Amino acid sequence: MKLSNFGFDLPNELLAEYPSENRDESRLMVLNRKEQTIEHKQFKDLINYFDADDVMILNNTKVFPARLYGNKEKTGARIEVFLLRELNEEQRLWDVLVDPARKIRIGNKLYFGEDETLVAEVIDNTTSRGRTLRFLFDGSYQEFRKKLRELGQTPLPKYIKREVEPQDEERYQTIFAKNEGAVAAPTAGLHFSRHLLKRLEIKGVNFAEVTLHVGLGTFNPVEVEDLSKHKMDSEEIFIGPEAVNAINTGIQTKKRVCAVGTTAMRTIESSVSSSGRLNEMEGWTNKFIFPPYDFSIANCMVTNFHTPKSTLLMMVSAFAGHDFIMKAYEEAVKEKYKFYSYGDAMLIL
């Protein structure tokens, strides 16, 4: 499989600028791999495909307000700083992206907030766009994090050109988000409403929660034709004993084990025993899944519609079959399904 196998024409108007009015009323395309059928449903119809003791694997990461706007010392130029990951809690060191990158050099200071109580100094140029910042702040670590939250904005993806609105704070977060650490939402989970989760629970579906703190590596473009040469950025994952028990029981009893989202799928595929069972794990993964690939844990998945040539499209192609996915995507474009973070969903059985 080459990069060029994953190109398709995606009209701009199909990129979702806003979420659906109600979480569980986005559209749902249902693919049946065995029958090779495609159905068009609403997301809340998902419940009809699951029975008692089936397992749904949810990524409970929580998005933090990672986008800050500051001003450069002397010139006052407005600089966007996107927090990627904390490197050192004590020294307040962070990996960040800055925009415009060309204006920022080592030694530059950036000032944040109207009162400019938060200052950062650039101490390293790690990549062409990335920097390491040291935040200078008088106060405890808790006060520092509180300040970051106050000044930060919901990190909507760049394709959304509008300003962040109050509803985004809630809607760009799953309702089961618990562990803060992601700079992008695990978007397949955005379609679940409290009502739908309750109905699934009453039906006897089991939920297993894992954590993958989504970084921007998930969305980094693939720039090599030979996919085996592409390197994914590492992302932090946690798989605890409760999730392991629920998922392995589902596998043993031949139930539906459904990964909700590519991030949940990548998490579970990063910790598989030689006998094809899930292991506990706390660490980092840079797993890149593309066809051909044998999946060990999940036998179905929920996912959004992804952009051309993305690593996410490559993963779902590995799961559903390349030709079947490309056919489904052709139909999605024709039927005007919405793509990307706030877009519609797909259930692959």
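A cavity is here a set of points, on a 1 Å grid over the protein atoms alone, where a 1.4 Å probe fits but cannot get out, and its lining residues have an atom within 4 Å of a point; grid points are joined across faces, edges and corners, and a volume is the space filled by probe spheres set on the points. The structure is a predicted model, in which local features need pLDDT of at least 70 and side-chain atom pairs count only at pLDDT 80 or more, whereas totals for chains, interfaces and linings use all residues. Residues are numbered from 1 along each chain as its sequence is written, and side-chain values use heavy atoms, with hydrogens and water left out.

By this rule, four cavities of 30 Å³ or more are counted. The largest cavity holds about 160 Å³ of space, and of the 17 residues that line it, T187, F219, T262, H306 and L312 are the closest to its centre. Two or more lining residues come from each of α5 (262-269) and β16 (300-304), where helices (H or I, at least four residues) and strands (E, at least two) are DSSP runs numbered from the N terminus. The lining comprises eight nonpolar, nine polar and no charged residues, with Ala, Val, Leu, Ile, Met, Phe, Trp, Tyr, Cys and Pro taken as nonpolar, Asp, Glu, Lys and Arg as charged, and the others, Gly among them, as polar.

The second largest cavity contains about 70 Å³ of space. Its lining is formed by P19, S20, R23, S26, R171, L190, H191, S341, Y342 and G343, a set that divides into three nonpolar, five polar and two charged residues.

Conventions. 1 Å grid on protein atoms, 1.4 Å probe; cavity = no way out; pocket = protein on both sides within 12 Å on 5 of 7 lines; lining within 4 Å.
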